[in-house]
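Please have a look at the sequence and the model first.

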Amino acid sequence: MTHATSTTRPVSTPLHDTGAERGRRLPPLRGGTLRRERLLRRLEQTADVPLALIVAPAGYGKTTLLVHWLDRDPRAVAWVSVDDADNEPGHLGASIARALGAPARRGPHLRLASDDGAAELAGGFEHPERPFVLVLDDVHRLRSPAAVEALRAIADAVPQGSQLVLASRAEPALPIGRLRAQGRLVDLRQSDLATSRREAATMLQLAGLELPAEDVLVLLERTEGWPAGLYLAALSLRGKQDMHRAVSRFAGDDRLMADYVRDELLGALADDQRVFLRRTSVLDSLSGSLCDAVLGSRGSGEVLRDMSRSNMLVIPLDNSDASYRYHAVLARMLQAELGRVEPQFEAELHRRASAWYAGAGDIDRAIVHAIHGGDVARAGELLWGSAAEHVLDGHAADVRRWLDQLAPDQIAGHPTLALTAAASHLADGDRDQVEHWTSIAAHGHTASGGSIGAGIAMMRAAVAREGIGRMTDDAARAQADMPDDSPWRSLCCLLEGVGEHLGGDIEAGRARLEEGARRGAIAGRSVQVLCLAQLALIAIDEGDWEQGPLLASRARAQVERMDLADYPTCALVYAVSALVRAHRDRVEDAQADRRKAIELLTMLVDYVPWYEVVTRIVLARAALRLGDVTGTRTLLGEASRMLARADDAGVLRRRIDELWSQAAAFTATAIVGPSSLTTAELRVLALMPTHLSFREMGRRLHVSANTVKTHAHAVYRKLGVCSRSEAVVRAAETGLLDVET
């Protein structure tokens with residue numbers, strides 16, 4: 001047992017929060033100046049608070065902080081490094097008395113009448129000659145009820161102007177809540193002592209490592225700002241040839257780190273406690289019921305609560321002691337130990353966790369644990385069951401990340417996984433991959449109907465390999481085998497609605513698309529926006545320039561709101577928006593939407609013919625309206641070639657023929673031609689079908705009447721006409737204005 005028994009400050013031992021020469025030592029940590037100064041100011045400002053509590057695991061610099069603080073405090077200081085022997089209250093009282101420079105039984109500061117000194121401690125401080133600071137370091141060593149009662153008595157007896165400071169790895173059994181509410185407690189915890197990015201960089205530099213900012217950030221995240229962890233990282237990384245690679249691989253299973261964690265954090269634990277930590281390390285979030293299910297035991301909630309209070313790097317995630325996690329360093333060290341000591345249990349632990357999460361409705365975590373537990377069949381069921389919600393709501397990347405953890409032959413061996421793989425490529429617009437995995441799923445599925453049969457029919461409809469008519473039939477067949485609440489029904493409605501529309505039954509198509517939009521609003525936002533875009537096109541084709549733009553605007557806004565702007569299959573939404581904005585003479589906005597649609601369209605490689613044709617037709621219409629005849633002809637040429645793969649879409653063929661005629665009329669005009677119309681001239685042209693005078697046009701466009709007149713004459717010349725009415729007719733013939741206008 002070693003005690004600091006005078007009022008002078010002891011020499012601290014960094015990384016070991018005790019004045020005793022015991023345990024394995026590490027060199028002192030430096031570089032925490034900013035953090036230290038911030039905390040020192042906080043402590044100095046609360047010198048009138050009777051109790052200061054500093055609680056954090058080993059290696060957070062508690063003792064170092066105290067030494068620097070007390071070096072600046074003008075009050076007398078008494079320091080006691082608590083040992084196991086101090087669990088006897090009389091012994092604790094004697095230690096405090098010696099530190100205060102008083103006799104053990106009588107004196108000006110402390111009076112103890114017996115070894116059973118809790119009652120005496122309650123009145124132990126009597127009129128000190130001057131204010132003092134009493135530091136009790138390693139308070140977590142006080143475990144006996146009598147010693148805890150003595151500690152409470154001491155805390156209640158601190159005279160005004162003096163201060164009791166408790167440094168501990170675990171929260172002491174004091175009425176912390178009451179003391180905090182009464183303003184009698186200053187409380188520093190693990191998060192207060194964690195190292196900042198700048199401090200981490202300085203610390204690593206002083207340890208001999210010059211690292212780029214990104215590598216410093218990696219180490220800071222891996223250690224969660226734990227000063228000891230950062231120092232151990234520096235020791236481990238010294239002399240590495242490929243420093244960046246070494247940093248990327250550093251974790252809690254590093255030998256130096258693992259040894260320190262075992263010695264300083266786990267060494268005093270009972271075997272059953274270490275088993276608990278090791279086997280629950282497979283979990284990224286812990287609760288009592290989850291740990292009970294994984295371990296096949298009871299009482300895990302109390303174990304977690306006690307460990308979090310003991311600061312075993314068990315971190316509460318809420319204020320109700322319901323959820324916890326392990327510090328990243330501890331978790332990685334425990335996982336490595338599990339794989340080394342008890343590898344036979346690891347898969348079963350993951351499977352139990354998967355079952356618990358599935359029952360709790362957390363399918364994402366259930367999938368992760370099923371994969372880690374090697375339960376491929378269960379992973380397939382879970383993945384296919386949740387694929388629609390992820391793929392159709394803009395989270396296909398999550399599905400692909402899970403699938404990437406499985407080998408291709410594992411995916412091919414289960415129809416549910418093969419269908420999930422097919423679904424994950426729908427958002428990419430990768431038709432070949434969708435078709436490939438659908439074929440594998442069909443080969444492995446022998447029964448008819450059901451969820452798998454419906455999924456196969458739906459995927460076949462999505463690739464539409466056998467034309468529009470077969471797409472419509474496959475989509476209808478898939479819906480017939482799906483439950484009414486299946487999120488996949490929105491996709492089936494889209495495919496069936498498009499098929500009906502392109503086959504010539506506009507009303508049937510509209511009804512299905514409206515149903516798809518309604519269902520997609522609940523589950524399937526990426527489908528909803530396509531249904532809205534298709535409905536906008538139907539309205540525009542019918543001359544409804546109120547409903548069409550409204551639907552197009554809803555689709556585009558939903559794309560932006562749901563972060564679907566980089567989904568290649570959203571090209572149609574931007575194309576329709578470009579057409580509407582061109583019609584409304586919002587030239588710059590229309591051009592921006594054209595560029596975005598073309599960018600997304602180029603990401604589709606050999607995609608579904610009808611989709612690529614429809615999108616190019618809409619872009620061609622927008623280009624013609626903007627006076628870009630070259631762009632129009634290019635898009636029409638591409639659409640015509642693709643139409644050969646969707647030759648049963650009569651509506652599309654008629655629309656392409658109409659646009660070719662308009663483009664021909666466009667290029668047959670004056671030598672200068674309408675393609676040279678400026679943005680300002682297009683704006684004036686857009687108002688010519690109205691009854692507005694040049695002066696009224698000028699007010700609307702915020703220019704003078706003479707400017708409008710100049711632009712109008714330029715329009716006449718470029719269109720080869722002599723009057724406003726002729727300009728309207730010619731512009732309508734060439735697609736610059738709609739016939740209905």
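In this predicted model, cysteine 493 is buried, with a relative accessible area of 0%. What is the closest cysteine sulfur to the sulfur of cysteine 493? It belongs to cysteine 492, at 7.1 Å, which is too far for a bond, because a disulfide calls for two cysteine sulfur atoms within 2.5 Å. By this rule the count of disulfides comes to zero. Cysteine 291 is buried too, and its relative accessible area is 0%.

| Residue | Relative accessible area |
|---|---|
| Cysteine 291 | 0% |
| Cysteine 493 | 0% |

Now for the sheet. Five strands make up an open sheet with parallel pairing, in the order β2-β3-β4-β1-β5. At the edges stand β2 (76-81) and β5 (185-188); each has a single partner strand, so one side of each lacks a neighbour in the sheet. From one strand to the next, the twist averages 15°. Within this sheet, β3 (residues 132-137) runs parallel to β4 (residues 163-168), and five bridges join the two. Aspartate 137 has alanine 167 in β4 as its bridge partner.

Finally, the helix pair. Helix α16 (residues 328-341) and helix α17 (residues 343-360) have axes that come within 5 Å and cross at roughly 120°. The two helices are therefore oblique to each other. On the α16 side, Leu338, Gly339, Arg340 and Val341 meet Pro343, Gln344, Glu346 and Leu349 of α17. Sorted by class, this contact of α16 with α17 has four nonpolar, two polar and two charged residues.

Definitions and conventions: Residues are numbered from 1 along each chain as its sequence is written. This is a predicted model: local features need pLDDT of at least 70, side-chain atom pairs count only at pLDDT 80 or more; totals for chains, interfaces and linings use all residues. Side-chain values use heavy atoms; hydrogens and water are left out. Axes are lines fitted to C-alpha atoms, for helices over the stretch in contact, and angles run from 0 to 180 degrees between N-to-C directions. Helices (H or I, at least four residues) and strands (E, at least two) are DSSP runs, numbered from the N terminus. Angles under 35 degrees count as roughly parallel, over 145 as roughly antiparallel, 65 to 115 as roughly perpendicular and the rest as oblique. Contact means heavy atoms within 4.5 Å. Ala, Val, Leu, Ile, Met, Phe, Trp, Tyr, Cys and Pro count as nonpolar, Asp, Glu, Lys and Arg as charged, and the others, Gly among them, as polar. Buried means under 20% relative accessible area, exposed over 50%, partly exposed in between (1.4 Å probe, protein chains only). Two strands pair if DSSP finds at least two bridges between them.
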